[in-house]
Amino acid sequence: MANHKSALKRARQSEVRRLRNKAYKTKVRTAVKAVRGAAPEKAVEQLPTTISIIQKTASRGVIHPNQAARKISRLTRLVNRMQAS
C-alpha cells in the first residue's frame, strides 16, 4: 500500500475511477445485449439509445474510440440484417 500522502490520494482516485469505468462498461454491455436480444422492431427503437451510450463511454475515455466505432458498426449491421429478414 502507498505511504506518501500524494500516493494515498492517487490510490483513492484510482479506485473511484476504476469503479466508475466499470459501471460505464457494464452499461454498454447491457445496452448491447438488449439490442441483440430484441425483436427487430424493438431493436430499431433501442439502437439510437445504445449508440449514444457507446459514444459517451468512448468520449469519457473508458473505451477506445475505435472499439466504440466497431461496436456501433456491428450493431447497426445486425439491426439492418434483422430488419431485412
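**Exercise 1.** At roughly what angle do the axes of helix H1 and helix H3 cross?

*Solution.* Keep in mind that this is a predicted model.
- Start by finding the two helices: H1 covers residues 5-37 and H3 covers residues 65-84.
- Their axes come within 10 Å and cross at roughly 15°.
- Angles under 35 degrees count as roughly parallel, so H1 and H3 are roughly parallel to each other.
- As for handedness, the crossing of H1 and H3 is left-handed.

**Exercise 2.** Which residues make the contact of H1 and H3?

*Solution.* 
- From H1, pick out Val28, Val32, Val35 and Arg36.
- From H3, the partners are Lys71, Leu75, Leu78 and Val79.
- Now sort them by type: six are nonpolar, two are charged and none is polar.

**Exercise 3.** Which residues of H1 are buried, and which helices do they pack against?

*Solution.* 
- The buried ones in H1 are Val28, Ala31, Val32 and Val35.
- They pack against H3 and also helix H2, residues 40-59.
- For scale, H1 has 33 residues and reaches 48 Å from its first C-alpha to its last, close to the 48 Å expected.

**Exercise 4.** Is Thr50 buried or exposed?

*Solution.* 
- First place it: Thr50 lies in helix H2.
- Its relative accessibility is 3%, and buried means under 20%.
- Thr50 therefore counts as buried.
- Leaving out residues up to four places away in sequence, Thr50 touches Ala31, Val32, Val35 and Leu75.

Definitions and conventions
Residues numbered from 1 in each chain as written. Predicted model: local features only at pLDDT ≥ 70, side-chain atom pairs only at ≥ 80, totals over all residues. Heavy atoms only, no water. Axes fitted to C-alpha atoms, helices over the stretch in contact; angles between N-to-C directions. Helix = DSSP H or I, 4+ residues; strand = E, 2+ residues; numbered from the N terminus. Parallel < 35°, antiparallel > 145°, perpendicular 65-115°, else oblique. Left-handed = near helix turned anticlockwise from the far one by under 90°. Contact = heavy atoms within 4.5 Å. Nonpolar A, V, L, I, M, F, W, Y, C, P; charged D, E, K, R; others polar. Expected span 1.5 Å × (residues − 1). Buried < 20%, exposed > 50% of the residue type's maximum accessible area, 1.4 Å probe, protein only.
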